[in-house]
Amino acid sequence: MVEMTFWDHLETLRWVLVRVIGVWIVLAVGYFIAMPYLFDNVILAPCHNDFAFYDFLRFIGEKLHLDDEFFTQSMDVKIVNINLGAPFFIHMTTSLMLSVVTAVPYLFFEIWRFVRPALYPKEQKGVVKALALGTVMFFIGVLMGYFMVFPLALRFLSGYMLSSSIENMLSLNSYIDNFTMLILCMGLAFELPLVTWLLSLMGLITRSFLREYRRHAIVVIVILAAVITPTSDPFTLSVVAIPLYLLYEMSILMVRDKKKGVADDSEEDDVPEGEEQAEEATLSTKE
């Protein structure tokens, strides 16, 4: 194996960044072309009553004979634009955001190619598993944010009335900001097992540490779920809190406690001063 200098590593990293940015640009151009279709059928889909998650809620309400508005609420959110340049800039930024999200597998692949030469075969297997898990969990979080978390937040916030004399009109900028924030937050939240695994490799956390602070983690998870989905019903809170707690438990399973060492090096090397002086005297006598 040819040993690389610092500048060689820097040059390799530069080409990694060039390739990743190139993939982002190509995907962004493709999404920019397809954006009118994607906007009507994907991004604005939660605004309409025929969205898949709303059909699922109505199905549950019918099967369990639930007449609560949460299961029967009809959705028809109107989006208005109040800024002259907003449609064009949102067209560009949304295309770029979608390209970044869908390029996550390629980004992890480039990270793998960059760090592989410095790893032993056993370490390579661990990194491959970690990157594969990170990719799968990220997309699970994104899909959950799109199909469940954002629709729930939209249903609550769009219908919340501060006064009967105030008519709610949802702006395009506000809709896109909440759409991207909630979906990306859920995708990043599902990276919790990967983050804890990496922290355990660095010796910062252990399984016993996560178990000891499980109760504190539950409180933080509930608060985080309440921030992500600012609704008043426990069902909406549970939709976010339960998966996050399961991710925490998965993190505990992935992390290992430190193995106890047989003995410290300092203890093995400690020799009484008298014995050292006797050995030195013996050596000098032989000489």
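Leaving aside neighbours within four places in sequence, which residues is glutamate 110 in contact with? The views below, taken from a predicted model, start there.

**View 1. Glutamate 110 and its partners.** Setting aside its neighbours within four places in sequence, glutamate 110 is in contact with Val16, Arg19 and Val20. With arginine 19, the link is a polar contact from side chain to side chain, at 2.9 Å. Glutamate 110 itself sits in helix α5, which covers residues 104-115. Buried or exposed, then, for glutamate 110? Its relative accessibility is 0%, so glutamate 110 counts as buried, the cut-off being under 20%.

**View 2. Helix α4 alongside helix α7.** Here we're looking at α4 (residues 86-102) and α7 (residues 172-189), whose axes come within 11 Å and cross at roughly 10°. That angle is under 35 degrees, so α4 is roughly parallel to α7.

**View 3. The α4 and α7 contact, residue by residue.** On the α4 side you'll find Ala86, Pro87, Ile90, Thr94, Met97 and Val101. They meet Leu172, Asn173, Ile176, Phe179, Thr180 and Leu184 from α7. Sort the residues of this contact by type and you get 9 nonpolar, 3 polar and no charged.

**View 4. Stepping back to the whole protein.** The protein has 13 helices and 2 strands, and buried residues account for 33% of its 287 residues. Of the contacts between residues at least 6 apart in sequence, 81% join residues at least 24 apart.

Note on methods:
Residues numbered from 1 in each chain as written. Predicted model: local features only at pLDDT ≥ 70, side-chain atom pairs only at ≥ 80, totals over all residues. Heavy atoms only, no water. Axes fitted to C-alpha atoms, helices over the stretch in contact; angles between N-to-C directions. Helix = DSSP H or I, 4+ residues; strand = E, 2+ residues; numbered from the N terminus. Parallel < 35°, antiparallel > 145°, perpendicular 65-115°, else oblique. Contact = heavy atoms within 4.5 Å. Nonpolar A, V, L, I, M, F, W, Y, C, P; charged D, E, K, R; others polar. Buried < 20%, exposed > 50% of the residue type's maximum accessible area, 1.4 Å probe, protein only. Polar contact = N/O pair within 3.5 Å; in protein donor to acceptor, adjacent residues only side chain to side chain.
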